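Student: Please take a close look at one single part of this model. I would like its surroundings laid out step by step.

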Amino acid sequence: MNEQGDQLGQDGLKYSVVIPVYNSERIVGETIDRTVDFFEREKLDYEIILVNDGSSDNSFEILKEKARLNKNIIAVDLLKNYGQHTANFCGFKKSTGDYLITMDDDLQNPPEEIAKLINAVKDGYDVVFGVFREKKHAGYRKIGTRIISFVNRKIFGKPKDLILSNFRIIRRDVVDRICQYKTGYPYIPGLVLMFSSKQGNVLVEHHERKVGKSGYTLFKIAELVMRILFNYSSYPLRLVAFCGIGVSLASFLLGGFYLLKAFFHKAAVPGWTTVVVLLSFFNGIALLVLGMLGEYLIRLVNQTSSSSPYQIKESVNCD
């Protein structure tokens, strides 16, 4: 029986918890202990997969020690910092549970709230996202969340009333589909939306970050938007193509205008300013198109030249 008075039941199911870890040596130990306490108290079969995403502090030393003391804890050390979504993707690949839960390493998602996710997903959902009663994020992160939510609606068809978060529970068959998807740039919320049909929300608590600060800067948010746009959509290419067609049409009309003017009137002395402006404008468009194509080409080359979006340096309790 959990704190909310809901009976989880002994259904024989196994739960995998994936926690990406980055520079959180002062808090990750407590996060692990409280998560273990929750599953032990509820007498549920579980595994906790901690993926150290290239931390520069002693986070992985703590993960290794916890894994040595508890066989249900798996500690993975990535070769370098690949980003939260890639670290989660690594955890997905290592998981064996009937359901997979993702959460942050900083206790902003209280482990005791996992009970609400488990109870909600049993209503037949493929995935259930925790909705925070009150978000404890900085203002710029809330703006970033709105931008990414808009992009998710346009690219992945996210229902308008569905709220995404990193605190979620996903059914095994959805996890398997995600793991089979070949990508060098995983974006977990988008992949979950692509490979699930019934999604839901449940209200959960969200606490202030006790120590340290979020790794999500404005640059990281912009990088995430770029990852979504260039790897899961053709919107940038279509936008540039549309602009190219418009500029080409304008060029033809302008050329026709000057041709008729020269035919019916005495040709004026060629204007230096006009030539410079037109050359700059059209060359700028050409370079923009080449840059956009180059970005797609770079990502295609990176995706086809590597068998995995991450490399593992060390692991404990991991086959």
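**Around one residue**

Tutor: Leaving aside neighbours within four places in sequence, Ile 170 is in contact (heavy atoms within 4.5 Å) with Phe 92, Asp 98, Tyr 99, Leu 100, Asp 126, Val 127, Val 175 and Val 192. This is a predicted model: local features need pLDDT of at least 70, side-chain atom pairs count only at pLDDT 80 or more, and totals for chains, interfaces and linings use all residues. Residues are numbered from 1 along each chain as its sequence is written, and side-chain values use heavy atoms, without hydrogens and water.

Start with the strands. Helices (H or I, at least four residues) and strands (E, at least two) are DSSP runs, numbered from the N terminus. Strand S4 (residues 99–102) and S6 pair (at least two DSSP bridges between them) in the antiparallel sense, over four bridges. There, Leu 100 stands opposite Ile 170 in S6. H6 packs on the sheet and touches S4 and S6. The direction of H6 makes about 85° with that of S6. Such angles run from 0 to 180 degrees between N-to-C directions; the axes are lines fitted to C-alpha atoms, for helices over the stretch in contact.

S6 (residues 168–171) also pairs with S5, in the antiparallel sense over three bridges. Here Phe 129 stands opposite Arg 168. S5 in turn pairs with S7 (residues 199–204) in the parallel sense, over six bridges. Val 128 is opposite Gly 200 in S7.

How enclosed is S5? Six of the six residues of S5 (127–132) are buried, so the strand is largely enclosed by the rest of the structure. Buried means under 20% relative accessible area, exposed over 50%, partly exposed in between (1.4 Å probe, protein chains only). Val 127, Phe 129 and Val 131 lie on one side, with Val 128, Gly 130 and Phe 132 on the other.

H3 (residues 84–94) has eight of its 11 residues buried, so this helix too is largely enclosed. Phe 92 is one of those buried residues.

Now the core. A nonpolar core is a set of buried Ala, Val, Leu, Ile, Met, Phe, Trp, Tyr and Cys residues joined through side-chain atoms within 4.5 Å. The largest has 36 residues, and Leu 78, Phe 92, Ile 170 and Ile 228 make the most contacts inside it. Elements giving two or more residues to this core include H3, S5, H6 and H8. H8 gives the most, with five.
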